[in-house]
Amino acid sequence: MFKKIFYGIVVLLAILLPLFVGPYYLHLMVLTGIYCLLVLGLNIIMGYTGPASLAQASFYGIGAYTSAILTTRLGLSFWIAMPLSVLLIIIISVFLGVITLRLVSHYFAIATFGLCEIIFIVMDNWVPVTNGPSGIHDIKPPETINLFPLSLIDLSSRVHYYYFVLFFVILTVVFTVYLLRSRMGRAFVAIREDEELARAEGIYVMKYKVYAFVISAIIAAVSGSLFAHYLQFITPGMFTIFESLNLVIVLLIGGSGTIAGPILGSLINVLIPEIFNILPEIRMVIYGFFVILFIVFLPEGLVGFGKKLLSAEFLKNITRKLNLVPAAD
Amino acid sequence: MSQFIQQLVNGLVIGSIYGLVALGITMSFGLMGIVNFAHGMFIIIAAFFTYYLVTLYGINFFFASLLAIVATGIIGFIIERYTFRYARQDPINGLMISIGLIYIIENGATVLFGPENKIIAPVFTGTISLGEIIFANQRIFVFIVSCLLMAFFYLFIKKAKLGKAMRAVSENDYAAVLMGIPIDAVIGLAFVIGCFLAAAAGIALGSLFIVTPHTASKPLMKAFVIITLGGFGSIRGAFIAAFIIGVADSFAAGYISLAWADIFSYIIFILILIFTPKGILGEGK
């Protein structure tokens, strides 16, 4: 009950947000939303199923590039280009997943690291298609659909785009919640907890890992497509291995394997740099220190730490330590 | 023909530098199970140290290199003691810590030293020419020193008591503790030795090419390709793979194109991970 009210308040706040903040912060919130989608996607493979994928930024990049190329070169509508980019990502991720998911633990991480590098090199050097390092410019925002209730939505406006992204974030969260209750979601968690045991229980581990990989890639492609049409220009430098690594860090700081973790993590990732408005390099140094402190002291992430703080056992221990409650015996 | 030999020689030189980096990563992987992406940062630290000592303070190159290598070792020791030691149980956490370190060191170096290209003045100038083939003296020097360091390292791991202890920890750390090996100290030392090698690689790179705070990423990624090709944790494998990758790279850059050259090594890398994850010698874990 308490939880439901809390989430209701969060959603309400997110909906009312454009009333309170100026255009710049709304811009940041749109970026947060897009980032949040990416991390929610990563959460499905890394947080719930286990393998740490470093290819998330590549799927994000492929989604963004496909959608951008289809709309700028072939003149397709965004509403056709986005599903097509999702379709492409399904094909690519099934293929790559079947190949790489046979590897376990950090071998998988290293293999996806290689994939990410390969895809970056292709984006950076395949000049006739991707326009090389200078990237693609003048990507149009999504067109308005001429159908009555939808024709009111004008996605070239920032407020409308904010709601558009928010819609996808809420959709992904709801999807994740229902996924976890389904047979597939339970299989994911079983694989994360103990792969051997899951196999012994009769779960087809490889199949479910590929499913998780593909789902996370689809979410990344949607996010990439939203990103390309929001920012209206993309360059290969936005989809490097460092972006992948950053996504993993954001997930771990927020708390992997939780719903609130990715949201909290991406909020922190976008907003903290803006609040500490200092040289980007110094900011990154501070960020690096925080990452290490988090891994060493709070490996369960902020959400996990919050849960621990609120758990009955911890409160009891604290009160006992502070001598607020006399010991039972 | 002369271009062929020229590329081959360049490949061997660059391969020997990659090899130094790869051995360090192999050590931290074999002993701690940590994929240390931050290993390349020791390259930058040592290169900048040497650059400043040589250029600003006019210290002799050899003495400056020695100081830089020792300083890098000390920094490495501190890093191992206060960060990686806490991540030994969980390899993914080790990976994350190394990313945090990359953020700190790469950006810290940009703030402290600036993003400009720097070059360490080479000790040996001039060239030797054999027919049409030209060898720069500095390159020959780098190649010989790198090979000597690797050979020394190999002998150390195989013969010295400490080296044997390191191999024992990498085989089975629990059994090593039971045999009375102080594993914290052994792992710390192994990490520091890895830092020494990376520092030597950094100085070599700085004296042949240029140094910027972002120099480290390429040799680092090559080093990962190398340890995969050689088999994870296999020192002999890394040694051989370093030269293969160095030469292959040099040929790909010379005959195909510089931009697309990298993609071949990554494709090889993934194919090896999938089909022969034990590496070319089959010694990997």
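**Notebook: predicted two-chain model**

I started at Gly76(B), which is buried, with 27 other C-beta atoms within 10 Å. I call a residue buried if 20 or more other C-beta atoms lie within 10 Å of its own, exposed if 12 or fewer, and partly exposed in between, with C-beta atoms placed from the backbone. The model is predicted, so I note the rules: local features need pLDDT of at least 70, side-chain atom pairs count only at pLDDT 80 or more, and totals for chains, interfaces and linings use all residues. Residues are numbered from 1 along each chain as its sequence is written, and chains are lettered from A and ligands numbered from 1 in the order in which they are written.

**Entry: Gly76(B) and its helix**

I looked up where Gly76(B) sits: helix H3 (residues 61–82) of chain B. Helices (H or I, at least four residues) and strands (E, at least two) are DSSP runs, numbered from the N terminus. I listed the contacts of Gly76(B), leaving out residues up to four places away in sequence, and found Phe42(B), Phe191(B), Val192(B) and Cys195(B). Contact here means that the C-beta atoms of two residues, placed from the backbone, lie within 7 Å.

Next I took the span of H3(B). The expected span is 1.5 Å times one less than the number of residues. I listed the buried residues of H3(B), among them Ala64(B), Ile69(B), Gly73(B), Gly76(B) and Glu80(B). The cover over the buried residues of H3(B) includes helix H2 (39–56), H4 and helix H8 (183–208) of chain B.

**Entry: helix H1(B)**

I moved to H1 (residues 2–32) of chain B. This helix has 31 residues and reaches 45 Å from its first C-alpha to its last, close to the 45 Å expected. Of the 31 residues of H1(B), 22 are buried, so the helix is largely enclosed by the rest of the structure. Just after H1(B), I found Gly33(B) with a positive phi of about 70°.

**Entry: the hairpin of chain B**

I looked for strands. Strand E1 (residues 127–130) and strand E2 (residues 133–136) of chain B pair in the antiparallel sense over 4 bridges. Pairing requires at least two DSSP bridges between the strands. E1(B) and E2(B) form a hairpin with 2 residues between them, and Gly131(B) in the turn has a positive phi of about 65°. Leu130(B) belongs to E1 and stands opposite Ile133(B) in E2(B). I find Leu130(B) exposed, with 9 other C-beta atoms within 10 Å. Leu130(B) and Ser2(B) are 128 residues apart in sequence and 9.9 Å apart in space, C-alpha to C-alpha.

**Entry: chain B as a whole**

I counted 11 helices and 2 strands in chain B. Along the sequence the pattern is α-α-α-α-β-β-α-α-α-α-α-α-α. The radius of gyration is 19 Å, close to the 19 Å that the globule rule gives for 285 residues, so chain B is as compact as a globular protein of that length. I took the radius over C-alpha atoms; the rule is 2.2 Å times the number of residues to the power 0.38. The C-alpha atoms of chain B fill a box of roughly 60 × 45 × 35 Å along the principal axes. I get 51% of the 285 residues as buried. Of the contacts in chain B with a separation of 6 or more, 76% are between residues 24 or more positions apart.

**Entry: core and interface**

The largest nonpolar core has 185 residues, and Val248(A), Ile43(B) and Ile226(B) have the most contacts inside it. Such a core is a set of buried Ala, Val, Leu, Ile, Met, Phe, Trp, Tyr and Cys residues joined through C-beta atoms within 7 Å. I checked Ile43(B): beyond four places in sequence, its contacts include Val21(B), Ala198(B), Leu205(B) and Pro219(B).

The contact between the chains takes 33 residues from chain B and 32 residues from chain A. On the chain B side, H4(B) gives the most, with 15 residues.

**Entry: positive phi in chain A**

I noted Asn131(A), not a glycine, with a positive phi of about 65°. Asn131(A) is buried, with 20 other C-beta atoms within 10 Å. Asp138(A) has a positive phi near 55° and is exposed, with 9 other C-beta atoms within 10 Å.
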